[in-house]
Structures are given as structure tokens and as C-alpha cells.
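The following exercises concern one protein chain. Please study its sequence and structure before working through the solutions.

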Amino acid sequence: MAPRLILVSNRVNVPDGGPRQAGGLTVAVNAALKQREGVWFGWSGKVSDDDELSPPHVTERRRRTFITIDLSKTDFQEYYNGFANRVLWPALHYRVDLAEFTSVDLGGYQRVNGHFADALSKFIAPEDVIWVHDYHLLPMAQELRKRGHNNPIGFFLHIPCPPPDVLKALPHHEETVGALSYCDLVGLQTEQDADNLSRYFSGLPGAIQRAPGLFEFDRRRVRVRAFPVAIATAVYARAARNSVKSPLVEDLRQSLHGNRLILGVDRLDYSKGIPNRMQALGKFLEKFPAWRGKVTFLQVTPKSRVEVPEYIAMDEEVSTLVGKINGRYGDPGWTPIRYINKSYSRASLAGLYRSADIGLVTPLRDGMNLVAKEYVAAQDPENPGVLILSQFAGAAHELDGAIIVNPYEPEAVAAAIEQALEMPIEERRERQQGMFEHLATNDIDLWAETFLNALGETREQPRLLQSLRQLFASARG
Ligand code: G6P
């Protein structure tokens, strides 16, 4: 039987015209599967009324199979809203203060990982290569091993990995973060994340470090390495060129009446630092009054995780701040901040990025932040905009042509906005060119191939290497 790539993630982008998926994970996983024979397994996005497990939904599209299962209300509450998004999400974003741990939610998280493993188990063949994604599924490799699967298992964490002390603040962390030791390869976004996980692993009971990033636990071997996630740069640049003529972009351009455009695009999430950004904009308008009436800030913010209390609170906070700044600085003919909770396709956003003089990407903590990369890919090389990027985004380790800022310092962000608005064209072009070249070389196809190659090398088994070569050959063909 031909080897297949089995991708496992909480969200699955089933090509059935369902709701649009937010976040970078779907972009990356889609790309990994793009030209390969494979399976994508995860949650259907549906919550069923009863607690009975419904059979998996299977959709076939060309050489790909999508397998999804529904969650019960209790599972959704305890696994998704509870442990994944009220404990792991804040803690891994260095916000242990926001983590609301309960053992009931941890139990639900483990139970759902078990359900997923049970359902997936039936579809796994011995030749398959398994690649698990993100914090919802930290125990998945261990669950699959318990069910007797000896397949190579890789894991990629799309969000940050904080230092060991922060990880250890998670109650029962050995059962969640520690369970990653059942993988063959764990991929992280940055060297800093990989170093943090390595230091955490080396402190676990029974760990033997064989080499940098190579650990042994009870004869199991796991490797830890950084694989900065990327985008389909050339495809995205083309989408941006094409969509500048779209009605969305045309309408926006006309409504600006020649004003310079500053753009922010983020899910409504406290890790994105939207209130800090609003304060920085307020500072900018206060300190640089000559720009009043001449710039417009557009913040596109689809709502997410709407049942989680911290997100409900954020929604209120941002709306209030936007109202205050618009009230203080706006006049009948000009509103400084346009705040929109709609979600747009990545192709539509590409046109908005290309039209923006500044991409303002200032998360307080972010695994990578693909908006930053997409903003760069979308620019017109002859007249590019300027990226202002938080030092706490994974992308800051790569995008050295951005103006790097500390999002906790509104005055510095305000000064960066002014610097970007005044930046001469030669400097803009030079900064843009270096970043674009980096993204054109290090694109999402290379990312997937590099990860899968590294996974192949972990076992040093000729059969596995052969399986992976066949996967690459079918991807190229
Ligand atoms: C981030 C996470 C993804 C998640 C996405 C959207 O990008 O890394 O795993 O899917 O946010 O969040 P949601 O809770 O809507 O899946």
C-alpha cells in the first residue's frame, strides 16, 4: 500500500464550502497536504446535542480524505473552551495569570484526545506517516502509541513555547506537554521555542539528552527542532496583484479620500495586543497632530472563541477604546479608527495589504504571525508599504526589514508609525526586497518538505525513508 501522510489537527478545512477558517494553522496544514496523498483528521466544527459519539464523517476529494468527528456539548466545553483555550492558550502565550485550570476540563481534554485516537486508529496503516498539529492535541502521540501504532509521529506547535518554569506552572504538565516525548519529532516556530522545550524535556524524570535537541526516555527517542512556518509567497503575491482591483479594495480606496492607510488584521484575542495598539494610535494622534485627518487606521478583527469569558471581556475593552479615541480625535469628516469584526478570505485581505501604507502587527506574544509575512508578500515592490512588527512575534526573528517595536511601549509604537509614514521610497524598497527574497526562498512547500525529511531521519529506518521519498515524489509529480 502506498504511504500516506495523516494530518491531525483540531480544525479541519473540509472543502465543502463550510465556514471560513481563521488562523495560520489551516494555511500550513492545507499546504502540507496540497499535493500529497493523505488524510486530514480532526473536529468537524459541529457540536452535537447528545453525549453519544457520532461516527466520523468521511469526505473524499481527489487523492485526499477528510475525516471529521463532532464534539458533544460537554466535550466542546471542557476540551475546546476549557482546557485548550482557557488553560493551554494563555499559559503557552506566557499568560499563566489568565489560565483557569480545573481538573474537570483537563479530564475532558484527555477524553477527547482519546476519542480522536480511537476514531483515527481505524484508518491508520503501518506505512503511514502521522503529523499532529497544535496545542489541542499534545497527548495524541501517546494515545496512538497506547493503541499500538508504531508509525513515525511528528508534532508541530503553532503557538509559542514558554520557558520551563512557565510550562511547569501548568498543573499536570507531564501529562500534556510531557506527553510530546512520545513523538519522534517535535517542531517549534523559533529557536527560542525549541530551546525552551529542550530545557523542559531535559528536566523531566528519566530524560537522557543524547545530543542537542535529541532526548531519550525509556528507550524512546524524540528530537526537538525549529521549523519557522511560512506562506505560499509566490501565490500570495499573485493574489495581491489580482485583488487590488476588487470591489472591496476599490470601495476602500475611494472612501479614504487620499488618506494614508494603516492596517491591522488579527483574530480578537488578548495575545494580539489590540488594546495596546489602540493606545499607541491614540499617542500617535496626540504627539503628531499634523497627521490628524490625513491617516486612517483600519483594524479587521474577526471574533473568535466567543464563549470564552476572557474573549468576551476583550471585545468590550477594544470597542470602548476605539470609541474613546474616535470620540477624542475624530471630526464629522474623518474617523481615525475603523473597527470591523467581519472575516475576509485571505485573497481579499491580500488586496487590502497591498493598499496599506503600514502593516501594524503588534502582538504581545505570537508563535509566528502569518499576517506579517502575508503583508510583505502582498506589497508592490516599486512602492511598498512598511511593516511595523512586535519583537514578540516569531516572525520578528526573520523579518529584519520591519521596524521592530515593543508593543508595551505606546510612545515607541507611535514614533514607529511616524517613521514609517515619513520613510523615503528607497529605504522602503530596500527593506521590502530583503524580506521578500527571504520569504520567496523559505516558503510553505519548503517548510513541509523540511519537516517531513527531518521526521524521516528520526528513525533511520530504510523503509520509512523510502516511504517519505515516495511521498515527495508524488508531491512533485
Ligand atoms: C491559532 C491556533 C490554531 C487555531 C486558530 C483559530 O492560529 O494556532 O490552532 O485553529 O488560532 O482559533 P480557533 O479556536 O478558532 O480554532
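**Conventions**

This is a predicted model, in which local features need pLDDT of at least 70 and side-chain atom pairs count only at pLDDT 80 or more, while totals for chains, interfaces and linings use all residues. Residues are numbered from 1 along each chain as its sequence is written, and side-chain values use heavy atoms, with hydrogens and water left out.

**Exercise 1. Determine whether the radius of gyration of the protein chain agrees with that of a compact globule.**

Step 1. The radius of gyration is taken over C-alpha atoms, and the globule rule is 2.2 Å times the number of residues to the power 0.38.
Step 2. For 477 residues the rule gives a value near 23 Å; the protein chain has 23 Å, so the two agree.
Step 3. Along the principal axes, the C-alpha atoms fill a box of roughly 65 × 50 × 45 Å.

**Exercise 2. Describe the secondary structure, burial and contacts of the protein chain.**

Step 1. The protein chain holds 17 helices and 16 strands; these are DSSP runs numbered from the N terminus, helices being H or I of at least four residues and strands E of at least two.
Step 2. Buried means under 20% relative accessible area, exposed over 50%, and partly exposed in between, with a 1.4 Å probe and protein chains only. By this criterion, 57% of the 477 residues are buried.
Step 3. A contact means heavy atoms within 4.5 Å. Of the contacts between residues at least 6 apart in sequence, 76% join residues at least 24 apart.

**Exercise 3. Identify the residues that touch the most other members of the largest nonpolar core.**

Step 1. A nonpolar core is a set of buried Ala, Val, Leu, Ile, Met, Phe, Trp, Tyr and Cys residues joined through side-chain atoms within 4.5 Å.
Step 2. The largest such core has 94 residues, and F116, L197, F201 and I417 touch the most other members.
Step 3. Helix 2 (residues 73–92) supplies the largest share of this core, 10 residues.
Step 4. A second, separate core of 58 residues includes A32, V229, A356 and M435.
Step 5. Residues up to four places away in sequence aside, I417 touches I262, L281, F284, I358, L360 and I388.

**Exercise 4. Locate D218 and H257 and state whether each is buried or exposed.**

Step 1. D218 lies in the loop between strand 9 (214–217) and strand 10 (220–226). Its phi is near 50°, a positive value in a residue other than glycine.
Step 2. D218 is exposed because its relative accessible area is 64%.
Step 3. H257 occupies the loop between helix 9 (247–256) and strand 11 (260–265). The phi of H257 is near 50°, also positive in a residue other than glycine.
Step 4. At 71% relative accessibility, H257 is therefore exposed.
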